[in-house]
Amino acid sequence: MFPADYPFTRHAFLSALETHGCVSADKGWQPCHLLLEDAQGTLIAAAPRYRKSHSYGEFVFDFAWARASGELGKPYYPKQVCAIPFTPATGPRLGARDAEVRAQLLTALKQDWGASGDSSAHALFVDEATAQAFQHAGALIRLDVQFHWRRADEINFTGFLARLNHDKRKKILRERRRVTEAGIRFETRHGDELGEAQWAEVFALYSNTYEERGQPPYLNLAFFLDYGRMPGTPLRLILGYENQRLIACAITVVGGETLYGRHWGCAEKFHSLHFEACYYQGIEFCLGEGLMHFDAGAQGEHKRTRGFSPVLTRSAHWLADPRLHEAVARFLQRESTAIEQYREELIKHAPFRHEATLG
């Protein structure tokens, strides 16, 4: 039903989130997945769905909508999201046996939401075709920009640098040299190659990123010890060492021809360490493994000068209150125009000698 090369809709991933309490009603992520079966009881369609009591961990920010709903005298929460928790990676959200069943699933999503009395329903980081299907079903479409790397014809990092203009090449080489001169080396490991103690070290670095912002991490150690060490796990760890001490990590996921950058953490601050761990090592990994695409996560215009290009992301939104629906529709019309113009302007000033349109 779901493409095999997209890792975040696999049962193992979504189940591990629930099994280890990363998503639950008391965390504000109550699983309420929608399943369709045929007359024989065979599963023919599914959508990952959660009932939310807040808007954290979604990366499509609707806090202003929640405030506006409150001013209208309508509680915004609970709401429904068809999404992958904590994962701003575009991909399938409607899994179905065929196109006809997929249309039935979309209709069922809307009808089930309407019967629930919840304020709104949202489908986050959907692909363009799915966004069009939601739009035809009356949803509002919201655009945003992320920055992704896509392989051209280069076979190594030197070839990648050759695609960039002189100033950007010089900047990247200087940043990489600073990390090397600090005595930091990197290695990449499959998640199932790490033992429990090593995963505990990785988790400590990951947690530190959240603790510095004064919030608990979305994922817990039990999740990583389970999903991270599962045979054949798609998790890949980019590990940075100072001598023998682990001081930085980037947690990535492989799916098909894509590397997804998901989380990072460090024990100490080193100049350019984040860029090396989260961008340059990922690009090198893609080049070495024959991967074509590196989705390094949400936001971050600073990625543009380091070889990443702007791509559009899409989300779909149904809002029950007609006043809120109309206000959001007007806002999104203005915002979408601004987003399109922003992306076009970024492309005009691309760091590449020749910039390709990615989507």
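Modeller: Gly138 is partly exposed, with a relative accessible area of 38%. This is a predicted model.

Colleague: Why does Gly138 count as partly exposed?

Modeller: Buried means under 20% and exposed over 50%. Gly138 has a relative accessible area of 38%, so it is partly exposed.

Colleague: Where is Gly138 found, and which residues does Gly138 touch?

Modeller: Gly138 sits in the loop between α4 (128–136) and β8 (140–150). Not counting residues up to four places away in sequence, Gly138 touches Lys110, Trp318 and His325.

Colleague: Which residues touch the most other members of the largest nonpolar core?

Modeller: That core has 63 residues, and Phe134, Phe160, Leu273 and Trp318 touch the most other members. Helix α9 (residues 273–289) gives the most to this core, with 10 residues. Leaving aside neighbours within four places in sequence, the contacts of Leu273 include Val179, Phe186, Ile247 and Trp264. Apart from this core lies another, of 40 residues, among them Phe13 and Trp29.

Colleague: How are two packed helices described?

Modeller: By the angle between their axes and the distance between the axes. Here, helix α7 (residues 196–211) and helix α8 (residues 221–228) pack at an angle of about 130°, with their axes 10 Å apart. The two helices are therefore oblique to each other. The crossing of α7 past α8 is right-handed.

Colleague: Which residues of α7 and α8 meet?

Modeller: From α7 come Glu196, Trp199, Ala200, Phe203 and Tyr206, which meet Leu221, Phe224, Leu225 and Gly228 in α8. The residues of this contact divide into seven nonpolar, one polar and one charged.

How values were computed:
Residues are numbered from 1 along each chain as its sequence is written. This is a predicted model: local features need pLDDT of at least 70, side-chain atom pairs count only at pLDDT 80 or more; totals for chains, interfaces and linings use all residues. Side-chain values use heavy atoms; hydrogens and water are left out. A nonpolar core is a set of buried Ala, Val, Leu, Ile, Met, Phe, Trp, Tyr and Cys residues joined through side-chain atoms within 4.5 Å. Buried means under 20% relative accessible area, exposed over 50%, partly exposed in between (1.4 Å probe, protein chains only). Helices (H or I, at least four residues) and strands (E, at least two) are DSSP runs, numbered from the N terminus. Contact means heavy atoms within 4.5 Å. Axes are lines fitted to C-alpha atoms, for helices over the stretch in contact, and angles run from 0 to 180 degrees between N-to-C directions. Angles under 35 degrees count as roughly parallel, over 145 as roughly antiparallel, 65 to 115 as roughly perpendicular and the rest as oblique. A crossing is left-handed if the near helix is turned anticlockwise from the far one by less than a right angle, and right-handed if clockwise. Ala, Val, Leu, Ile, Met, Phe, Trp, Tyr, Cys and Pro count as nonpolar, Asp, Glu, Lys and Arg as charged, and the others, Gly among them, as polar.
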